[in-house]
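Biologist: Hi, I have some quick questions about this structure. Can we go through them one by one?

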Number of protein chains: 2
Amino acid sequence: MHLTALSGGIGGARFLRGLLTHLDDDTRRSGRRHALTTIVNTADDMWMFGLRVCPDLDTVMYTLGGGIDDDRGWGRADESWQAKAELAAYGVEPSWFGLGDRDLATHIVRTQMLGAGYPLSAVTAALADRWRPPYDTEVRLLPMSDDRAETHVVVDDESSPAGRRAVHFQEYWVRMRAAVPAREVVVVGQAEATPAPGVLDAIASADVLLVPPSNPVVSVGTILGVPGVQAAIAGAAAPVVGLSPVIGGRPVRGMADAVLAAVGVDATADAVAAHYGARSAGGLLDGWLVDSSDKSSVDVVEAAGVVCRSVPLLMTDVPAAAAMAAEALDLAREVGR
Amino acid sequence: MHLTALSGGIGGARFLRGLLTHLDDDTRRSGRRHALTTIVNTADDMWMFGLRVCPDLDTVMYTLGGGIDDDRGWGRADESWQAKAELAAYGVEPSWFGLGDRDLATHIVRTQMLGAGYPLSAVTAALADRWRPPYDTEVRLLPMSDDRAETHVVVDDESSPAGRRAVHFQEYWVRMRAAVPAREVVVVGQAEATPAPGVLDAIASADVLLVPPSNPVVSVGTILGVPGVQAAIAGAAAPVVGLSPVIGGRPVRGMADAVLAAVGVDATADAVAAHYGARSAGGLLDGWLVDSSDKSSVDVVEAAGVVCRSVPLLMTDVPAAAAMAAEALDLAREVGR
């Protein structure tokens with residue numbers, strides 16, 4: 001079976017690790033081998049101290065490859081912060097973004113390869129070659145695009161003549177901790193971006209398309225916004241099943257409600273499903289999983305034409321994430337055409 | 001008093017630290033304030049993992065600023081090597097050059113500033129602004145040039161059609177440990193290089209010009225090779241006093257005899273003086289200090305027109321280096337015109 005997922009960082013990475021664990025179980029039971037292609041959001045990427053940092057690609061790569069710091073959810077295990085302290089001692093900004101000494105090596109290699117002319121997809125493949133996930137399922141990591149398409153968030157700013165200003169998503173998310181309202185989300189360069197090599201093929205050739213519980217606006221939304229991706233999904237034979245990143249009216253991780261509000265979407269499991277839309281009505285989803293505590297959303301989602309089930313969606317550990325993946329694949333079989 | 005020195009890395013840095021210690025003593029005794037301009041060799045600089053590394057500038061900056069690892073003589077104290085291990089795990093070459101996690105920050109800041117268009121001299125001033133040497137004497141660090149002039153060493157290579165090949169000095173010195181004969185030393189780009197802003201002024205306005213016990217070929221020689229520097233020294237009012245980096249027929253540090261042989265100079269204190277030449281005969285030196293164990297060289301050097309004294313030249317600790325500096329300044333007064 002060939003599975004293709006559209007993933008952001010931490011939530012997506014943890015779901016995919018559960019998925020690979022579940023697929024390993026299946027391979028042991030059935031002898032069937034599987035393949036997973038992960039199309040990863042790159043709209044969070046930024047230049048930091050002259051280095052190209054790709055937070056979501058790295059989080060997925062480290063998580064699946066066994067190098068992640070599991071408590072933080074991002075960055076490397078057994079990390080140290082000597083270079084960061086030195087950069088601060090030099091007075092170099094930004095000081096609000098954590099680049100660990102181990103993590104730095106990834107950005108240094110990436111930047112050097114980009115400087116040599118390799119596209120991000122080739123760089124990602126080279127980096128991933130070291131981080132081979134220890135699963136039976138073959139894993140491929142694709143950036144959504146080799147082009148620069150960067151999410152900016154418009155916030156109020158009384159000191160600006162326009163009363164507003166746009167900040168890079170990472171600055172909004174990490175430095176400002178999404179504590180002020182996001183008035184608008186703008187993905188600079190997205191209209192001119194093209195899908196990275198392999199992206200459209202991975203969608204067209206998939207047996208199942210999965211939307212992990214990633215941020216619907218700044219993770220999955222930016223992938224869907226790359227011209228050609230939505231049309232490829234619309235034309236794909238595979239069923240599309242998503243998992244709600246919102247449980248009980250709150251995002252599971254972080255501050256997704258801030259950017260949901262910016263696009264006029266309530267922080268509820270059914271509102272996110274409605275935002276993605278029913279595939280039968282030109283939207284994304286054939287199936288949608290909401291948390292057991294959101295049972296009341298099931299009828300609302302189904303009324304809009306999306307098959308919906310409520311199951312436990314809290315990724316408290318890898319087995320919990322694996323069970324979610326099993327539910328998602330069950331639903332995919334059910335809604336498969 | 002304004003002192004100007006032409007310095008390489010470890011030997012030069014340790015001498016200059018002794019000099020600053022001696023000048024502090026003088027300031028405490030006499031109330032006189034001094035200023036030191038150090039013109040530093042940049043022909044060892046190289047691009048490493050896409051980062052601009054300036055070994056001699058950093059060694060001088062860290063040594064005078066109190067951040068050096070004193071045992072190694074280069075790099076930062078309390079250093080860690082996580083990023084280096086990660087770069088090796090990615091299989092990225094070169095693996096033979098040690099970039100510590102703390103040290104990396106310096107190269108990252110430098111590379112970012114160079115990329116933004118600042119010349120190396122401005123970058124060096126910005127970096128040095130953090131590393132203010134804790135001495136009464138004002139210290140200024142100047143790269144010999146903002147232009148790229150890189151030392152390459154020609155070595156035998158039977159696998160090459162020409163039977164020889166050129167390697168970057170750092171590769172010859174660090175990876176090959178100067179274990180094969182250096183057939184030629186070529187400073188690529190030197191003929192087109194110009195002195196960095198402030199270099200010629202620092203020579204012209206100096207009260208004393210010092211040549212620390214640095215490598216005569218690949219450290220001091222490359223500075224002298226920047227077009228305009230030798231003429232500035234010839235026209236300067238200040239006496240020029242040097243200290244032999246060779247003691248008892250062997251370089252004090254490292255493998256300087258390998259590159260001395262490439263330019264046809266014996267590894268003796270008097271041969272190095274002859275290589276620099278007497279200023280009265282169009283060369284560099286008014287005065288020259290040799291080690292106490294090289295007393296027999298004194299007459300040879302003086303016969304060639306350079307005033308010579310034998311004094312202890314082993315920089316076993318900071319007071320020893322300070323005593324050497326005191327001797328050099330005594331000799332400068334003696335030969336001063």
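Modeller: One term before we start. A residue is buried under 20% relative accessible area, exposed over 50%, and partly exposed in between. Also, this is a predicted model.

Biologist: What does that make D129(B), buried, exposed or partly exposed?

Modeller: Partly exposed, because the relative accessible area of D129(B) is 46%.

Biologist: Which residue forms a salt bridge with D129(B)?

Modeller: R132(B) does. The closest N and O atoms are 2.5 Å apart. R132(B) is exposed, with a relative accessible area of 58%.

Biologist: Which residue meets D26(A) in a salt bridge?

Modeller: That is R32(A), at 2.8 Å from N to O. D26(A) is buried, at 10% relative accessible area. R32(A) is partly exposed, at 49%.

Biologist: What about R309(A), which residue is its salt-bridge partner?

Modeller: E334(A), with the closest N and O atoms 2.1 Å apart. R309(A) lies in strand β14 of chain A and E334(A) in helix α13, so the pair ties together parts that are 25 residues apart in sequence.

Biologist: New topic, helices. How many residues has helix α1 of chain A?

Modeller: It has 21, running over residues 10-30. From first C-alpha to last, helix α1 of chain A reaches 30 Å. That is close to the 30 Å expected at 1.5 Å a residue.

Biologist: How many of the residues of α1(A) are buried?

Modeller: 16 of the 21, so α1(A) is largely enclosed by the rest of the structure.

Biologist: What follows α1(A)?

Modeller: G31(A) follows, and its phi is positive, near 80 degrees.

Biologist: Let's jump to chain B. Where is L6(B)?

Modeller: L6(B) sits in strand β1 of chain B, residues 2-7. L6(B) counts as buried, at 3% relative accessibility.

Biologist: Which residues does L6(B) touch, not counting residues up to four places away in sequence?

Modeller: Among them are I39(B), L210(B), V211(B) and P212(B). The list also includes V220(B), I223(B), L224(B) and I233(B). As for I203(B), that residue is 197 residues from L6(B) in sequence. In space the two are 9.6 Å apart, C-alpha to C-alpha.

Biologist: And T106(A), where is that one found?

Modeller: In helix α4 of chain A, residues 101-115. T106(A) counts as buried, at 0% relative accessibility.

Biologist: Which side chain makes a polar contact with the side chain of T106(A)?

Modeller: The side chain of Y90(B), at 2.7 Å. Leaving aside neighbours within four places in sequence, T106(A) is also in contact with D58(A), M61(A), Y62(A) and L127(A).

Technical notes. Residues numbered from 1 in each chain as written. Chains lettered and ligands numbered in written order. Predicted model: local features only at pLDDT ≥ 70, side-chain atom pairs only at ≥ 80, totals over all residues. Heavy atoms only, no water. Salt bridge = Lys/Arg side-chain N within 4 Å of Asp/Glu carboxyl O. Buried < 20%, exposed > 50% of the residue type's maximum accessible area, 1.4 Å probe, protein only. Helix = DSSP H or I, 4+ residues; strand = E, 2+ residues; numbered from the N terminus. Expected span 1.5 Å × (residues − 1). Contact = heavy atoms within 4.5 Å. Polar contact = N/O pair within 3.5 Å; in protein donor to acceptor, adjacent residues only side chain to side chain.
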